[in-house]
Each structure stands twice: as C-alpha cells, then as structure tokens.
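User: I am new to this structure and would like to go through its charged pairs. Please show it first.

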Amino acid sequence: NINNFILPNFKDLDIVIDNNLIIDFFDKNINSYINPEKRSMSYILIDKNNFKDQFTPSNTDIQNYYNANKGLFLELEKRDFIQFNFKDQEEATQFRNKIISYNNEEIIKFAKENNVFFNEFSKVSKNEVLEDLSKAIFDLKKNQISNVIETPLAKHLVIVKNIYPQNQKTLDQSKVEITNNLQEVELNNYILDLKNNISQQILDGLSLNEIAKDNLLTIETINNAERKISQTENDLIKNEVIAKGFGSNKDFVTDIFDIDENMSIIINVDQIKNEKPYELDEVFELVSNDWIKSLKIKSIEEKIEELSNNSKQIKDIESFVNTKFTNTDIKINDNNYPSTLKNNVFNNKINEISLSVVGDNIYISEVIKIYFPEEENEQSISMLSELRSNFGAEIIKDKKISTNDNLIQALISQY
C-alpha cells in the first residue's frame, strides 16, 4: 500500500499552500478536483397507498358484491394424490399388480425399495393437472389405485389420498377479498383520473405549486443534490427524483414519471449550480496527499529503472519499499488480481520489471517464467440437462393442455 511506503526525503518536503510544486501539481490535475454540478428540485409524489382509506367499501357494498358474484367465491374440489411414473406400459402394469392389495404406506415403502419414481401432491384442483391425468384422478375414490394412464410424457399410476369437496365460501370468509377487490377498482380509477387531470394541467402551463394546490397534494424538496447517488442510499423515491431532475431543464414542470405500479412523481428543477474547479484552499489536504503519493510513485519508478539498468533482480528493491515479495502464478482470467497488473505482466518479457498502480495499492512485478497451455484433445460435455429441457419442451409445445409447473418438472426430471 502506498500509504505504508515512507518517502526517503519526506522530512524535507515543504507542505504549505504556497508551495509552487503543489500549485503546479494542482493545476495539472485540475480535472480531479471539480466541484460537481448541484441541483435543488421540488417534486410531488403520487402514492396510491396514501389514498387507500378514502375508498373502503361499506358493508352494504360488500354484501351486494358477494350476492352478485358468488361463483367467484366457490372453492373447487381439490385432491391429494400420489403419482407413480413409468417409461413403459409393462413396467407400470407389473407394479400395479404387485401393490393392488397394499395400503398407501406399504405402497410407498415398496416403491422406495424398488426405486420406482413417484411424487406426492397436495390440494391440487382439476385445472392444475394434465388433462389426461386430471380425468382419472378426479374419477377415483379415496385410496383407490387407478389403471395405467398414458400421457405424452410417460405412463402413470395414481392413488388419491384425500378429497376436499367443492365449498362455497361464506360472506365473512370472503369479506377481506371483496374489500380489497372493490377498493382496488375504485382506487385505480381515482388515480387514473388524477394523473390525467395533472397531465392536462402540465400542458396548460400550471406551476408545481398550482398543481399541488388544485389537487390537495404536498410538495417535497431536495437541495443541492449531486448527479452521483450514493450506493448506500436506500431511498428509491429520492434516487428517482434526482435521476429525472438531472435530465430536466430549470423552472420546467416535468411529465408524470411512474416509479412503480403504486408511485409516480412530478418534478420541477428550482436551481442549478454548474460544476467548477475547487479553489486550492478548499481541497488543499486532498491535493497535498495526492502530491505526496505522486512523489512516492515516482521514487519507486526511479528505483525500478535503476535496477533495470544495472541488471538487478526484483528482490533488490525489497528493502527500499520495506515489503517482502512473493512468487505466484497468474492467469489472464484470474480475478484475484487487478486488470492493470495482469495486463502489465502479460505484456512483459522474462526478467522485465514493471509497476502497476491501482488506487492506493502498488504492484511491482517481474516475469520469471512463461507457461503455454497444452492442447486439449478431448472435451467432456454433459448434455443431460439440455436434452431433458428440450425433450420436455418439444412434447409440451405440441399439446394444448392446462399444466402445473411442478407436475411437469416432476415428470421430466426422471429422464
């Protein structure tokens, strides 16, 4: 680390603001000391959730909706079942003949002992299963074993474990769902009308203050924001306002920007402070530290050049930089080392010494040996996953079926 390196003549340095060397360094690197553009902006946030309480339906509204839409609150019959999968008819028939007198626990135990692939599914409705399977499953009685069922994917046997009959939910059971549905419809209509009205007001040239007053909305402000947002900033709204604000003109009310499905913003840029270089006295500590670092790097570079001219090895610089060197193998795609170092190493010749600067870290390297990769004659590529995926996709895409992804995956995964 450059901060751990002691400059030989450090005590002789004149670290004061009127040092011409520091002034000259500052002038040559002025682009590194720019006070960035800052903007102050006002904005209106339209958050759908802030209006939610205005649209809570009455008990009468809930009752009327329930009576008019009882079919929406009908829970379809569902079933728990075990599904055994086979590659051919003979295998499935033999298994069925062997388990015909067993109970469910005995059947599962027998299947495991004989490595028969099966899945257990819970509370599945008729429209969640492959059509060919669905008809058989929902015709069975509890604990009954099906005949062999053929689908485009495999041969199957099914045993129904539990049956949950069709059920009409009561008004009380449906109340929360109805409330949410009615509230969502009314709220969406209100927000749509509000945004349409504001968009027209923007076209008519109203100011942000006038828009806020007419629509009973609140104006928030952000002062002296910089374009570069801190990575630790966790305020989604603020980040969006700043990003959009830096793309807008001063004293101009923007269109409505949607942040997500619930939140939108309207922005007005109130003030712009253009970027300009700092004065030296404002950043003297930073500049003087950078100047000292540049002297340290120059000192090390001169030492390396001296070693190279005298045909000395890299270990001869250890005492100068007060650190120990290590031998290591580096590959061009090795992510443990910075790109600058890797590029220098792979561009250097044997015994060539180079210096790589990455932030506060300095890497001094010497190429000792170069290894060339051996040609690979054989490649082992596993295609199983891709074949399984394509197999399932080809079968499914030609069939007009209602599917449950878990069921499909269970069938494909046996191949």
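Analyst: This is a predicted model, where local features need pLDDT of at least 70 and side-chain atom pairs count only at pLDDT 80 or more, while totals for chains, interfaces and linings use all residues. Residues are numbered from 1 along each chain as its sequence is written, and side-chain values use heavy atoms, with hydrogens and water left out.

User: How many salt bridges does a search of the whole structure find?

Analyst: Side chains of opposite charge can pair when their charged atoms come close. A salt bridge is counted when a side-chain nitrogen of Lys or Arg lies within 4 Å of a carboxyl oxygen of Asp or Glu. Over the whole structure, the number of salt bridges found is 11.

User: Is Glu 150 buried or exposed?

Analyst: Glu 150 forms a salt bridge with Lys 155, with the closest N and O atoms 3.9 Å apart. Buried means under 20% relative accessible area, exposed means over 50%, and partly exposed lies in between (1.4 Å probe, protein chains only). Lys 155 has 16% and is buried. Glu 150, at 53% relative accessibility, is exposed.

User: Which residue forms a salt bridge with Glu 77?

Analyst: Glu 77 is partly exposed, at 26% relative accessibility. The closest N and O atoms of the pair are 2.6 Å apart, and the partner is Arg 79.

User: What is the N to O distance in the salt bridge of Glu 177 and Lys 169?

Analyst: Glu 177 is partly exposed, with a relative accessible area of 34%. Lys 169 counts as buried at 17%. Their side chains meet in a salt bridge with an N to O distance of 3.3 Å.
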